[in-house]
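Me: I have a structure open and want to go through its contacts with you. Can we start with the interface?

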Amino acid sequence: MKLITFSGPPSSGKTSVILQSIDALEVPVTEIGVVKFDCLTSFDQGRYQSKGVKVVTGFSGKLCPDHFFVSNIEAAVEWGVKSGFKILITESAGLCNRCSPYIQGILSVCVIDNLAGVNTPRKIGPMLKMADIVVVTRGDVVSQAEREVFAFNIRQVNTGARIIFVNGITGQGALLLAKNLWHAKEVDGLHEQRLRFTTPAAVCSYCTGEMRIGSEYQLGTMKKMEFKTD
Amino acid sequence: MSRRNFLEIAVSQPLSQIRAEFPVCEDFFLNLRIENIDWSLTLLNALDKVDKEVINEFGLDREMIFREFVAFLDAFGHVSATAAEIKSLTVIGGHDKSGNAEIDSFCVAVGEIICIVGPTGAGKSRLLGDIECLADGDTPTGRRILIDGEMVSDQRRFDMEGKLVAQLSQNMNFVMDLTVEEFLRMHAGSRFIDDAEDSIKRCFECANQLTGEKFMMDTRVTQLSGGQSRALMIADTACMSSSPIVLIDEIENAGIDRRQAIRLLARKEKIVFVSTHDPLLALSGDRRIVIKNGGVVSVIETSESEKRCLDEIEKLDTTLFRLRSCLRNGGIIDMDMLKG
């Protein structure tokens with residue numbers, strides 16, 4: 001089974017891009033599975049189902065979405081193998097711009113929105129930096145110049161990635177993406193595999209439910225800002 | 001310049017010297033939130049003085065930053081040389097929506113203007129899409145696109161990464177809140193254009209020639225009218241973009257000098273495809289492709305007699321323009337105004 005991980009900021013068009021690529025892949029939809037890692041709610045399950053794609057959605061709730069991802073991905077792959085899929089796609093939203101649910105050796109795709117502003121690629125961090133393929137959506141509504149500058153800024157943070165413009169509505173560009181996806185490595189499990197980047201560190205009193213403000217309530221891993229006055 | 005050279009440069013030269021040659025390398029450090037690097041040192045020495053915590057947050061160490069810096073120089077040290085140069089583009093016909101074969105093939109050379117005509121939904125955008133992705137019998141139309149008469153390998157397709165085709169359509173907007181000058185400077189910067197100031201000025205003048213209503217260098221791009229935006233996009237594509245193929249989807253209502261606009265693009269050694277219903281544009285092209293039911297049914301060369309009609313069409317167009325201006329200014333339309 002081929003495993004592909006998709007990530008990207010919320011509402012960047014991940015689901016549309018994945019659906020368009022599924023159309024462009026020459027694989028029966030019944031042999032493709034999707035695992036969607038989300039935080040609180042998700043409205044995309046139906047979009048996959050109406051296409052006949054099997055989908056499982058998991059909600060991280062109060063947990064860090066990255067930690068949630070890494071503690072469930074192995075079982076997700078097992079589910080995919082057992083279901084007899086040819087391709088398993090995982091979709092997860094990067095919330096702190098640091099999330100990078102990428103695994104070494106596993107094809108990773110980051111989806112970002114051209115409307116988010118030209119400097120966005122320089123702010124996203126590991127999720128963009130460590131991706132193999134960067135898909136840019138909504139390029140059809142901005143000027144050619146902004147598309148070019150956007151791609152240039154992606155290139156600045158990730159010199160090696162392939163940049164593909166995909167129109168999530170018409171599917172323009174999805175064919176090229178699908179061809180790239182087809183090169184994803186075959187896996188039969190993920191045990192002992194490694195993440196590409198550490199997940200956000202967070203073992204502090206607030207992780208365990210503390211709500212009060214004040215240094216006496218702060219235990220564990222903390223980071224303090226420096227405020228200087230003249 | 002080879003990668004090896006950049007490795008040597010990064011090892012031996014002080015950062016200030018590298019910056020002098022490649023000003024873009026300042027961005028590399030900003031992207032890693034390293035703001036106060038000591039430019040007088042070589043990279044590795046300078047990194048010793050940088051807060052380890054910041055570097056760690058990016059999941060990097062000193063050696064990784066060094067490797068990435070070399071890769072960065074490698075990617076941006078010779079960008080201008082990578083512009084795709086092509087001489088011609090050939091479309092090998094596929095089939096229409098009912099599976100019937102379309103026209104065998106047609107070839108377009110640099111400097112040509114090709115119009116695409118056909119009813120809404122006939123497949124004009126599909127043809128533009130096939131060209132954009134350099135279809136290889138793998139799109140619903142089964143078309144294949146050759147460059148300079150040759151098949152394009154998957155590798156080359158990927159390498160071109162959208163550098164081949166620039167697109168313009170009615171739906172495109174400026175979303176950045178910048179002045180015209182800042183906007184053009186930013187675009188020039190990303191292209192490493194040598195004579196940036198010159199290009200910016202030329203581009204600005206071009207855009208103003210194309211539009212009826214003039215704008216200034218310090219006008220914000222988001223405040224330009226539809227026509228002004230379109231004019232700036234066209235001038236920018238002609239003067240700054242290196243893509244040899246330009247696809248234009250419906251620009252007729254933009255309130256700009258459309259004939260001059262597409263001529264400007266063709267003059268810049270580009271292949272220009274214009275999807276249009278506008279007689280003025282359609283007859284300004286060298287040829288036009290007729291699409292029906294998803295397939296190309298014919299390629300019509302613009303004849304001399306058609307070209308002679310252009311002057312009359314232009315007069316009609318001017319008349320309509322005059323009527324529009326009159327309405328806009330609160331005027332009253334009368335029969336005399338139709339006579340020109």
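Reply: Contact here means heavy atoms within 4.5 Å. One caution first: this is a predicted model.

Me: Fine. How many residues of chain B are in contact with chain A?

Reply: On the chain B side 45 residues are in contact, and they meet 31 residues of chain A.

Me: And how much area do the two chains bury between them?

Reply: About 3300 Å², with 55% of it on carbon and sulfur atoms.

Me: How many salt bridges across the interface?

Reply: The rule finds 4 between chain B and chain A. A:Lys129 forms a salt bridge with B:Glu68, with the closest N and O atoms 2.4 Å apart.

Me: Which elements of chain B supply the side that touches chain A?

Reply: Those giving at least two residues each include α6 (62-76), α9 (180-191), α11 (226-239) and strand β5 (165-169). By type, the residues on that side of chain B are 20 nonpolar, 14 polar and 11 charged.

Me: Switching to packing. How many residues are in the largest nonpolar core?

Reply: It has 44 residues, and B:Phe183, B:Leu232 and B:Ile248 are among those with the most contacts inside it. Chain A takes part too: its α6 (144-157) supplies at least two residues, as do several elements of chain B, including α10 (196-210) and β7 (271-275). α11(B) gives the most, with 7 residues.

Me: What does B:Leu232 touch?

Reply: Leaving out residues up to four places away in sequence, its partners include B:Phe174, B:Val180, B:Ala207 and B:Phe215. Apart from this core lies another, of 30 residues, with B:Leu47 and B:Ile65 among them.

Me: Back to charges. Which salt bridges does B:Arg185 form?

Reply: One is with B:Glu181, closest N and O atoms 3.5 Å apart. Both residues lie in helix α9 of chain B, 4 residues apart, about one turn of the helix. Another is with B:Glu197, at 2.8 Å. That pair links distant parts of the chain, B:Arg185 in α9 and B:Glu197 in α10, 12 residues apart.

Me: Which residues of chain A are linked in a network of salt bridges?

Reply: A:Lys36, A:Asp38, A:Asp44, A:Arg47 and A:Glu91. Over all chains the structure holds 30 salt bridges.

Methods. Residues numbered from 1 in each chain as written. Chains lettered and ligands numbered in written order. Predicted model: local features only at pLDDT ≥ 70, side-chain atom pairs only at ≥ 80, totals over all residues. Heavy atoms only, no water. Buried area = accessible area lost by both parts, 1.4 Å probe. Salt bridge = Lys/Arg side-chain N within 4 Å of Asp/Glu carboxyl O. Nonpolar A, V, L, I, M, F, W, Y, C, P; charged D, E, K, R; others polar. Core = buried A, V, L, I, M, F, W, Y, C linked by side-chain atoms within 4.5 Å. Buried < 20%, exposed > 50% of the residue type's maximum accessible area, 1.4 Å probe, protein only.
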